[in-house]
Amino acid sequence: MADLSTKFAGIRSPNPFWLASAPPTDKEYNVRRALDLGWGGVVWKTLGLDPHIVNVNGPRYGVVWGADRQLIGMNNIELITDRPLDVNLREIKSVKRDYADRAMVVSLMVPCEEDAWKFILAEVEQTGADAVELNFGCPHGMSERGMGSAVGQVPEYIEMVTRWCKANTRMPVIVKLTPNVTDIRFPARAAKRGGADAVSLINTLNSITGVDLDAFCPEPAIDGKGTHGGYCGPAVRPVALHMVAEIARDQETRDLPVSGIGGIGTWRDAAEYIALGAGNVQVCTAAMTYGFRIIHEMISGLEHWMDGKGHPDIGAIRGRAIGNVTDWQYLNLNYVTKARISEDLCIGCGRCFAACEDTSHQAIVVRPDRVYEVIDEECVACNLCVNVCPVEGCITMERLPAGALDPRTGQTVKQDYANWTAHPNNPAANGGG
Amino acid sequence: MPDFEHSAGVAPGRLPQAAYAENFEDLHPPLGSHAAQVAADRCYFCHDAPCVTACPTEIDIPLFIRQISTGMPEAAARTIFDQNILGGMCARACPTETLCEEACVRTAAEGAPVEIGRLQRHATDTLISADVHPYERAPESGRRVAVIGAGPAGLACAHRLSMKGHRVVVFEARRKPGGLNEYGIATYKTVGGFASREVDWLLSIGGIEIRPGCLGDDLDLAGLRRDYDAVFLAVGLAGVNALALDGESAENVDDAVAFISDLRQAANPGCIPVGRDVVVIGGGMTAVDAAVQSRLLGARTVSIVYRRGRDRMNASGFEQDLALRRGVRIITNARAVRVSAVDGRVREVEFVRTREQGGNLVDTGEMFRLPVDQLFRAIGQRFDLLAGGLEIAGGRIRACENGRTSLEGVWAGGDCTGGGEDLTVTAVAEGRDAAEDIHRFLVGD
C-alpha cells in the first residue's frame with residue numbers, strides 16, 4: 001500500500017489532505033469530527049486580535065450552479081473568526097493534545113504592526129500548534145482594513161511581515177497568497193525573501209457570483225446591496241494549478257514548499273496539484289458541499305492510483321509534471337496532429353461539425369447518414385472537436401509521423417524538434433531556423 | 001359486498017372506487033421545474049438534430065430544450081407552438097419512442113433518450129396553464145374558410161388561418177370539438193380534461209367559430225364551396241372495420257374506439273362496464289389502449305390477439321411493453337375465425353394459428369379458443385366515402401402536397417387523407433401546411 005504520509009515544511013501528517021482555513025475549521029467541534037474521519041490536518045480558521053470581528057447577519061455565500069444544482073463555484077463574504085481569541089486558543093490546544101499525529105496549523109491575520117504579530121505568535125505557541133499560516137489572501141472585508149489581500153498584493157509588505165514572524169516564533173511560517181495579482185511569482189518570491197518556510201495558494205478570487213435581475217443587485221445580497229466575495233470551488237482549480245506551477249518552476253522559488261489550494265475535491269485533483277509541485281493540499285469547498293466524509297474517497301483513490309502505478313510514496317509523484325510545464329515559445333512546432341473521428345463510437349450529434357464550421361477552421365465535413373469526417377487540408381488540430389464531443393475517446397488527435405505530408409501546409413513533417421525561438425517568422429530569432 | 005371483480009359478463013364497478021383514480025392517473029407525470037432543468041441538461045443541442053427531422057411538425061427541439069434550461073419555458077412553448085399549435089397534446093399522446101426520442105442521439109449512445117415528450121409538456125403546460133395565448137391575428141382579410149372537423153388537423157388549420165387574418169367556421173359533427181384528442185386517446189395519457197382546455201386555449205386567438213354540422217348530413221360540399229372562399233376537409237375516419245366473422249353481431253362484441261371514447265367522456269371510469277374476460281383483436285395503438293384500459297377497469301383477463309408477429313404490430317415496442325406490464329397477454333400469429341354466443345351474448349372466440357409464408361399469411365390449421373365476455377374490434381378504421389366528386393386513393397381522399405384535393409378550392413388533411421400515419425402530430429402538420437397553402441391561394445401570393 002502506498003505511503004501517503006507527508007512532511008511538509010517540517011510538519012508531519014498521515015496524509016496530504018488538510019482542511020483549509022475556513023468555516024469547516026472554525027471550532028473544536030468541527031475539527032474533531034474531521035480528524036476522527038481521517039483528515040491529515042487542519043489549518044484553523046484565521047485568528048485575529050480581540051475585540052473579535054463581526055460578520056454580516058445575512059447570507060455569507062453565493063454560488064454558481066450547474067443544471068442539477070451541482071456546485072461549480074462558490075463565493076463568500078465571511079470574515080476571519082468571530083469568536084474571542086482565548087476561546088480559539090483553548091480549543092486549538094485541546095485538539096492538538098488529543099491528535100498529536102495530525103497537523104495543526106493556525107491561520108493568523110493581525111494589523112501590519114510587529115507588536116501585534118509578536119503578541120499573537122506567542123499566544124499560538126502556547127497551544128502546541130505545529131505551524132502558523134499568514135493570511136495574506138482574504139480579498140473581502142479585512143482587505144478594506146489593510147489586512148488580508150491588501151498585504152498579499154504588496155510584495156514588500158509580505159516580506160516585511162514574514163520577516164517579523166520568523167523573528168518572533170520557532171514555529172514554521174506558511175504564507176498564504178492571494179491570486180488577485182497579475183503575477184503570482186512576485187508575492188511568492190517576497191515570502192521566500194522574508195524567510196517563509198512555505199507558501200500556500202490560492203486564496204479566493206474577487207468575484208460576484210450573479211445578479212438578481214428583479215432587484216438589480218449582486219448576489220449574495222444583504223438588504224439590497226452586495227459586495228464582491230472570494231471565489232473558490234471547482235471553477236478556480238485551473239487558475240490555482242497554473243499559479244502553483246509558476247512558483248514551482250521559478251528559479252527563485254523552486255525549492256519553496258507549496259501547499260496547494262483551490263477546487264480540490266477528489267484524489268485526482270490532489271494528485272494533479274502534487275504532480276505540479278505541491279507538497280500537500282488543502283480542501284474547503286468540497287467539504288462544505290459534501291461534508292467531511294469525502295476524505296475516504298480521497299485517501300482510497302490516491303492509494304489505488306499510486307499502487308496501480310507503482311508510486312511508493314508522495315515523494316515519488318511530487319513535482320513530476322513541473323519539467324513539462326514550459327513557455328509557449330518552447331513548444332515543438334514540428335509536432336503535427338490531425339483530428340480523427342471514430343465512426344464506431346460516434347453517436348451523430350454533430351457538435352464537432354457545428355463547432356468547427358462556425359467557430360474554427362471548417363475542417364469537418366458531413367457525409368450521408370450523419371457521418372462526420374475530418375478534412376486534413378483544413379484541420380489545424382485545435383482540439384475543439386475533441387473538447388465538445390460528448391463521447392469520450394470518440395475524437396482523438398493523431399500525430400502525423402515524420403516524413404508524412406501535412407496536406408494543410410503542403411510540407412513534410414520533420415523529425416526534429418523546432419520551436420518559435422528559431423522560427424523564420426520570428427523577428428527576434430537569431431539567423432532563423 | 002358483491003364480488004364485482006370476478007362476476008361474469010360485462011359490468012361496471014369491478015374495483016373499489018379508490019382504485020380508479022390510481023389506475024387512471026397520468027402515464028407520464030409532469031416534470032417539476034428542477035427535474036426539467038436536469039432533463040434538459042442532457043440535450044446535446046445537436047447540429048441538424050435528428051429529433052427535429054423525426055418530428056412530423058419539425059419542432060426545433062434543441063432550441064426549446066435550451067430555452068427550458070435557461071429558465072424560459074414560456075419561450076420554449078412559443079418555439080413549439082410556432083410549429084405545432086397542439087404541442088400540448090402531442091407531448092402527451094405522441095409515440096415519441098418511434099419519433100423524436102427514437103432519433104435522439106442519446107438513444108444510440110446509452111439507450112436513454114432525452115425526455116423530449118415530457119420536456120415539451122413542461123414547456124407547453126407553462127403557457128396553457130397560465131392561459132396565455134402567444135399569438136395575435138393579422139388584420140382581417142375579409143376571407144372566410146370552412147373547416148370540416150374539429151380534430152387535430154382541422155384545429156391546426158383553423159388556428160393558422162385565423163393568425164393570417166381569415167375568418168374560420170369549423171363544423172363539428174360530435175358534441176365536443178377535439179376529434180381524437182377528445183375521444184380517441186387513452187384516458188391515462190391526457191388527464192384532467194386537458195383536451196378541452198387545450199381547444200379553449202387554441203380558440204382564444206379569436207376569429208374561429210365552431211358550429212355543429214356534418215358533411216353529407218346537414219352540409220354538402222357544393223354548398224360549402226359556394227359559401228366560403230376555401231374549404232378544408234378534416235373529417236377523420238368515421239367507420240370501424242368489421243371482423244367479418246360468423247357471430248360478430250352477438251352482444252358485447254364492441255368497437256374499441258367507442259369503448260375508448262366512452263371512457264374518455266365518463267366522469268368516473270368505474271361507471272364504464274367491462275368484461276371479466278376481454279379479448280381485443282388488432283395490433284395497433286387502439287388495441288393497446290382498449291386492452292390496457294380494460295385491465296385498469298378490473299377485467300380479470302385481457303388478451304390482445306394479432307394475426308401477424310410482434311414485429312408487425314403497429315403499436316410501438318413501448319406500447320406493447322406497457323400492455324404487458326399491465327398484465328395484458330399478447331397473442332400473435334392467430335386469426336379469429338368464429339365467435340360463439342350464449343343467450344345472444346359473446347362467450348367464446350375460436351382462433352387459428354397463422355404463419356408468414358413468402359410474405360403471405362397462411363393458416364396452420366392449429367386451433368384454440370378463448371373464453372370471452374367482451375370482444376373488441378381494433379383492426380382499423382375506414383373512411384366513409386363522401387359524395388361530391390372528390391378523387392379517392394387507397395380508400396381515402398386523395399390529397400397532394402399541402403393538402404390540395406382534386407377539387408379547386410378544397411383542401412384535406414388528417415386521417416381522412418392517405419398521407420400520414422394516423423397520428424395527431426401528422427394531422428397537425430397537414431392542417432398547418434394546408435392553411436399556409438390556402439392563405440397563399442386566398443391572397444394570390
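Reader: What share of the 445 residues in chain B is made up of buried residues?
Author: Buried residues account for 49% of them. Keep in mind that this is a predicted model.

Reader: OK. How many helices and strands does chain B have?
Author: Chain B has 17 helices and 19 strands. Its radius of gyration is 23 Å, close to the 22 Å that the globule rule gives for 445 residues, so chain B is as compact as a globular protein of that length.

Reader: And what box do the C-alpha atoms of chain B fill?
Author: Roughly 65 × 55 × 55 Å, taken along the principal axes.

Reader: What about contacts in chain B between residues at least 6 apart in sequence: what percentage join residues at least 24 apart?
Author: That would be 71% of those contacts.

Reader: Can we zoom in on one helix? How many of the 10 residues of helix 12 of chain B are buried?
Author: Seven of the 10 are, so helix 12 (residues 194-203) is largely enclosed by the rest of the structure. The buried ones are B:Phe194, B:Ala195, B:Glu198, B:Val199, B:Trp201, B:Leu202 and B:Leu203.

Reader: What covers those buried residues of helix 12 of chain B?
Author: The cover includes helix 6 (87-93), helix 9 (116-129), helix 10 (152-163), helix 11 (180-183) and strand 4 (208-212) of chain B.

Reader: Switching to chain A. Which residues of helix 8 are buried there?
Author: In helix 8 (residues 267-275) of chain A, they are A:Trp267, A:Asp269, A:Ala270, A:Ala271, A:Tyr273 and A:Ile274. They pack against strand 3 (17-19), helix 7 (237-248), strand 15 (258-261), strand 16 (278-283) and helix 10 (294-309) of chain A.

Reader: Which residue with a positive phi follows helix 8 of chain A?
Author: A:Gly277, with a phi near 115°.

Reader: Now helix 1 and helix 2 of chain A. At what angle do their axes cross?
Author: Roughly 20°, and the axes come within 10 Å. Angles under 35 degrees count as roughly parallel, and helix 1 and helix 2 of chain A are therefore roughly parallel to each other.

Reader: Is that crossing left-handed or right-handed?
Author: Helix 1 of chain A passes helix 2 of chain A in a right-handed crossing. A:Glu28, A:Val31 and A:Arg32 of helix 1 make the contact with A:Glu91, A:Ser94 and A:Val95 of helix 2. By class, that contact has two nonpolar, one polar and three charged residues.

Reader: Last one: how many residues does each chain put into the contact between chain A and chain B?
Author: Chain A gives 11 residues and chain B gives 13. On the chain A side, they divide into seven nonpolar, two polar and two charged.

Conventions:
Residues are numbered from 1 along each chain as its sequence is written. Chains are lettered from A and ligands numbered from 1 in the order in which they are written. This is a predicted model: local features need pLDDT of at least 70, side-chain atom pairs count only at pLDDT 80 or more; totals for chains, interfaces and linings use all residues. Axes are lines fitted to C-alpha atoms, for helices over the stretch in contact, and angles run from 0 to 180 degrees between N-to-C directions. Helices (H or I, at least four residues) and strands (E, at least two) are DSSP runs, numbered from the N terminus. Angles under 35 degrees count as roughly parallel, over 145 as roughly antiparallel, 65 to 115 as roughly perpendicular and the rest as oblique. A crossing is left-handed if the near helix is turned anticlockwise from the far one by less than a right angle, and right-handed if clockwise. Two residues are in contact if their C-beta atoms, placed from the backbone, lie within 7 Å. Ala, Val, Leu, Ile, Met, Phe, Trp, Tyr, Cys and Pro count as nonpolar, Asp, Glu, Lys and Arg as charged, and the others, Gly among them, as polar. A residue is buried if 20 or more other C-beta atoms lie within 10 Å of its own, exposed if 12 or fewer, and partly exposed in between; C-beta atoms are placed from the backbone. The radius of gyration is taken over C-alpha atoms; the globule rule is 2.2 Å times the number of residues to the power 0.38.
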